[in-house]
Amino acid sequence: MASASASRLLLPAPPPAAPPRCHPSIRFSVPRLRCRASAAAASAAGSAALLERSGAAAVAIREFVTHDELRAAVRLRVRTFYEYTIDSVGAEDHRKALAEREFEALQDRISGKMINFQRVSCINGTVPLSPSLMSAEELCSTCKFVEDGEERVVVGSLDLNQCLWLPDELTGKRPGVNEDNQTRAYLSNVCVAKELQKKGLGYALVDKSKKLAHEWGITDLYVHVAINNVAGQKLYEKSGFVYESEEPAWKARFLGRPRRLLLWLDMKKESL
């Protein structure tokens, strides 16, 4: 699911110092996830599960820990937000260039180098690389990283951005513009690997972001979703978001994309 828009690709900057280890991860068991990449793959896999029920194969939901994990998360986003035909010339080179530029831009935001972004965190869902993932070989090869000698795969990701606005997106109205004491935040780059969609992973990522936003003192949480993304809208509605405004048709045409809805969550009413 590509529930929110891919962030704007920005100019590169020197990487920050090695990131500190973040909050403990949240784990939940995913019941027998099946590959949904294609009808052919689904037929070949039959009833074989992508993930086992055992605790070792549980999805870990947490803030990113290493640069390798951050790169894997960016590759998942490129895989999710950009589609290529099988015979596309230079598709692989284009994907690599997009991933590198987005990785550099994300580092800029996380390290505080970007104006307007007060604080940014990348939250990922990861699983250990295991034989049960063999039917998702392309996902594993693209989104794999190594941490403490263990190979893991990023299967879901989003960014939590404490800022007044996101580039080229609708701006939230709450709690009012006060740059000295800003408690507004936005979710962006919300995505789940197509093989693992509709299994609760998107909801778990959003739930983790709400907990982190609460720790940051956020009072108003926003997310943008395409007007034709029914699955994304259902996810956010389930998570407590409500409609605030929508993008005018002329702006969507100018930017060459479907119109966006802006959804709002009153964090003061969230019991976390």
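Hi everyone, let me start with a definition: a charge sits over a ring if NZ of Lys or CZ of Arg is within 6 Å of the ring centre and within 35 degrees of the ring normal. Keep that one in mind, since two such cases come up later.

First, some ground rules. What you see is a predicted model, where local features need pLDDT of at least 70 and side-chain atom pairs count only at pLDDT 80 or more, while totals for chains, interfaces and linings use all residues. Residues are numbered from 1 along each chain as its sequence is written, and side-chain values use heavy atoms, with hydrogens and water left out.

Now the overview. The protein has seven helices and nine strands; these are DSSP runs, with helices being H or I of at least four residues and strands E of at least two, numbered from the N terminus. It has 272 residues, and 50% of them count as buried. Buried here means under 20% relative accessible area, exposed means over 50%, and partly exposed is in between, using a 1.4 Å probe and protein chains only. The exposed surface comes to about 13,100 Å², with 54% of it supplied by carbon and sulfur atoms; the areas are Shrake-Rupley values with a 1.4 Å probe, and for residues only the protein chains shown count as cover.

Let's zoom in on helix H3, residues 91–110. Its 20 residues reach 28 Å from first C-alpha to last, close to the 28 Å expected at 1.5 Å a residue; the expected span is 1.5 Å times one less than the number of residues. Its buried residues include Leu98, Phe103 and Leu106, and also Glu102, Glu104, Asp108 and Arg109. What covers them? The cover includes helix H2 (67–81) and strands S3 (117–128), S5 (150–163) and S6. Just after H3, Gly112 takes a positive phi of about 85°.

Leu158 belongs to S5 and is buried, at 0% relative accessible area. Leaving aside neighbours within four places in sequence, its contacts include Arg77, Ile123, Leu187, Val190 and Leu205. Val192 is 34 residues away from Leu158 along the chain, with 9.0 Å between their C-alpha atoms. Leu187 sits in S6, residues 184–192, and is buried too, at 0%. Its C-alpha is 9.6 Å from that of Leu166, 21 residues away in sequence.

In the loop between S5 and S6 we find Glu169, buried at 9% relative accessibility. Which side chain does Glu169 meet in a polar contact? That would be Arg257, at 3.5 Å. A polar contact is a pair of N or O atoms within 3.5 Å; within protein, one must be able to donate a hydrogen and the other to accept it, and residues adjacent in sequence count only if both atoms are side-chain atoms.

Finally, the rings. Rings of Phe, Tyr and Trp (its six-membered ring) pair if their centres lie within 6.5 Å, with planes under 30 degrees apart counted as stacked, over 60 as edge-to-face and the rest as tilted. The whole structure holds two aromatic pairs. Tyr236 and Phe241 have ring centres 5.7 Å apart and planes at 70°, so this pair is edge-to-face. Tyr236 is buried at 0%, and Phe241 is buried at 4%.

And back to where we began: Lys238 lies over the face of Tyr203, 4.6 Å from the ring centre, and Arg174 lies over the face of Trp264, at 3.7 Å.

Terms used: Contact = heavy atoms within 4.5 Å.
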